[in-house]
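Reader: I'm new to this one and would like a close look at a single part. Could you walk me through it slowly?

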Amino acid sequence: MTMKLETVMTRSIAQLSYLIGDDATGTAAVIDPRPDYEVYLELARRHGLTITHVFETHIHADFMSGARELVARCGGSAKLCVSGEGDAQYGYEHQTLSDGEAFDFGSVRLTARHTPGHTPEHVVFLAATDDHPDDPWGVFTGDSLFVGSAGRPDLVHDERGKKLPDQLFDTLTGFYRGLDGGVIVLPGHGAGSGCGAGIGDRPLSTMAYERRHNPFLQHDDREDFKRFVKEGAPTEPAHYARLKKLNGQGPEILRGLPPCPALTVEALAQALDKGDVQLLDVRDMLAFGGGHIPGAINIANQPEISNWAGWLLDAGRPLLLVLEHDAQLDQVRRRLLRVGLTRFVGYLAGGISTWIEAGRHIQALPQWSVHELRRQLPDAQLLDVREKDEYEAGHVPGARHIALHDLSERLNEIDRDHPVATFCGSGYRASIAASILQRHDFSQVHNVIGSWKAWRASE
């Protein structure tokens with residue numbers, strides 16, 4: 001008889017999900033699954049387990065839930081369990097959880113506890129053994145408590161949302177502070193998630209450590225806590241409201257990755273001519289700079305693609321893809337699927353070389369080193385597209401700050417008659433910004449490769 005616990009870390013959305021079970025009974029639960037569900041089935045097979053329950057801690061805002069998809073793939077034998085607390089409404093078949101309800105998986109007992117604050121319906125799962133059910137060894141915290149942080153209470157924009165800061169304070173002081181210091185904290189997100197401010201980079205912690213070091217657990221005064229939370233909240237990504245609505249209604253069950261057929265040069269050109277499509281080039285910034293199809297936005301296929309594609313692209317408009325190589329397609333689809341981007345016209349078979357060899361028009365995006373940037377200043381406009389806190393921590397003198405997620409709404413602040421150099425932490429976001437400017441007919445655009453890292457290193 002052995003407990004099985006596996007953590008699935010999904011870097012592209014800074015998300016942590018879990019499979020937990022017991023090989024004595026061969027049963028297991030999955031907590032907060034991502035939509036590309038194969039990983040949970042593989043883990044279950046590896047340990048000889050059957051997934052009998054899929055739990056959601058809350059209605060997610062930052063990624064598309066895979067709970068319905070996983071249950072469907074299990075052949076309907078698994079139960080999809082969601083919180084019935086906080087007046088939550090769901091548009092799909094489910095089993096409702098109540099505060100204090102317990103589930104046994106061999107020697108493992110999971111007990112749901114209502115922990116509002118990040119959302120009204122939020123629940124966590126206390127993990128204990130069947131012989132000591134009231135003495136938990138761990139807590140799957142979802143988005144209520146993170147390593148070094150806590151779930152932001154400002155993502156629900158209705159009357160219920162007004163109560164969330166107070167509820168978060170009560171959850172942190174009344175529930176979490178009451179847990180034994182040895183309880184292992186198993187959070188729903190790691191560093192880089194927009195669901196909390198300043199989340200630590202460790203995948204787990206203990207309650208004793210968090211009580212000593214987590215600033216969200218250091219407040220005894222309610223109003224002081226609420227001011228602290230409000231002042232530290234990061235900008236809410238544009239796709240969060242869309243994904244929260246989608247997850248409440250229930251994402252479409254795709255039974256795999258969404259289709260994205262191979263297109264010839266002629267077929268892709270025809271799709272572009274018809275309009276109402278988005279052309280996404282996921283190649284490295286240098287490859288994109290060397291030559292790309294006019295009108296393309298460059299979001300390179302790194303883990304960050306999920307967040308920036310979710311934030312900047314329109315989920316209602318289908319996508320055309322230009323890849324580094326055709327074998328990249330599945331990975332790109334997975335990363336886009338995680339933020340609910342599921343509509344594809346297709347991808348350019350053979351990559352950009354087929355477009356070039358067909359004699360089609362291409363556009364270059366000149367790349368500047370930081371040394372070239374120094375030679376061009378102050379004649380060139382330097383556009384820093386990092387977040388406000390990054391910019392304030394240090395920037396090139398004279399740089400104009402417009403965060404990448406605000407750029408499309410603030411194009412009128414940029415002089416079209418002078419060269420523009422885009423700048424970020426390393427060049428990744430700067431290349432996205434430069435491609436947006438080119439798409440909006442800015443003719444003198446340059447991307448600064450290396451950006452702030454290179455600038456500091458060259459001083």
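Which residue in β24 does V420 stand opposite?

Author: Keep in mind that this is a predicted model. V420 stands opposite V445 in β24. The strand on the V420 side is β23, residues 420-423, while β24 covers residues 445-448. These two strands run parallel, and 3 bridges join them.

Now step back to the sheet around that pair. It is an open sheet of 5 strands with parallel pairing, and the order reads β20-β24-β23-β21-β22. At the edges stand β20 (367-368) and β22 (400-401); each has a single partner strand, so one side of each is left without a neighbour in the sheet. As a bit of background, strands of a sheet pair through backbone hydrogen bonds, either parallel or antiparallel.

The loop between α12 (370-376) and β21 (381-384) holds P378. The peptide bond leading from L377 into P378 is cis, with omega near 5 degrees. In general, most peptide bonds are trans, and most residues other than glycine have a negative phi.

D32, in the loop between β3 (27-31) and α1 (38-47), isn't a glycine, yet its phi is positive, about 60 degrees. D32 counts as buried because its relative accessibility is 3%, which is under the 20% cut-off. D276 also has a positive phi, near 55 degrees, and it lies in the loop between α7 (265-274) and β16 (278-281). With 54% relative accessibility, though, D276 counts as exposed, since the cut-off for that is over 50%.

Finally, here's the whole chain that your sheet belongs to. There are 15 helices and 24 strands in it. Its C-alpha trace spans about 70 × 50 × 40 Å along the principal axes. Buried residues make up 55% of the chain. Among contacts with a separation of 6 or more, 69% come from residues 24 or more positions apart.

How values were computed
Residues are numbered from 1 along each chain as its sequence is written. This is a predicted model: local features need pLDDT of at least 70, side-chain atom pairs count only at pLDDT 80 or more; totals for chains, interfaces and linings use all residues. Side-chain values use heavy atoms; hydrogens and water are left out. Helices (H or I, at least four residues) and strands (E, at least two) are DSSP runs, numbered from the N terminus. Buried means under 20% relative accessible area, exposed over 50%, partly exposed in between (1.4 Å probe, protein chains only). Two strands pair if DSSP finds at least two bridges between them. Contact means heavy atoms within 4.5 Å.
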